[in-house]
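Please open the model in your viewer and keep the sequence beside it, so that each selection can be found in both.

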Amino acid sequence: MLIPILIFDVALVAWSLHLMQQAFDHREFSLMLAGVLVALCAAAMMVVYFLVNNCLSYLANSHYVG
């Protein structure tokens, strides 16, 4: 599951760099903001993946004593 997420993240980062390059060329703040938001989305998706992965592995390995 990590490989598709990494591929999607690389695509998001490439798109954000493209948006930032267009913003620099056209001197538009909105495109720069969009590029930053897309890059933050890619980073947040990786953080959420690792948090959920750790949480699920903890729950799978924990033994219920009741």
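The tour below goes from one selection to the next.

This is a predicted model, in which local features need pLDDT of at least 70 and side-chain atom pairs count only at pLDDT 80 or more, while totals for chains, interfaces and linings use all residues. Residues are numbered from 1 along each chain as its sequence is written, and side-chain values use heavy atoms, with hydrogens and water left out.

Begin by selecting residues 2–26, which form helix H1; helices here are DSSP runs of H or I with at least four residues, numbered from the N terminus. The end C-alpha atoms of H1 lie 36 Å apart, which agrees with the 36 Å that its 25 residues should span at 1.5 Å a residue, the expected span being 1.5 Å times one less than the number of residues.

Next, colour Ile5, Asp9, Leu12, Ser16, Leu19 and Ala23, the buried residues of H1, where buried means under 20% relative accessible area, exposed over 50% and partly exposed in between, with a 1.4 Å probe and protein chains only. An α-helix has 3.6 residues a turn, so residues three or four places apart point the same way. The buried residues of H1 pack against helix H2, residues 29–61.

Just after H1, select Arg27, which takes a positive phi of about 55°.

Now move to Ala42, which, leaving aside its neighbours within four places in sequence, is in contact (heavy atoms within 4.5 Å) with Asp9, Leu12 and Val13.

Finish at Leu33, whose place is in helix H2, and which counts as partly exposed because its relative accessibility is 40%.

Conventions:
Helix = DSSP H or I, 4+ residues; strand = E, 2+ residues; numbered from the N terminus.
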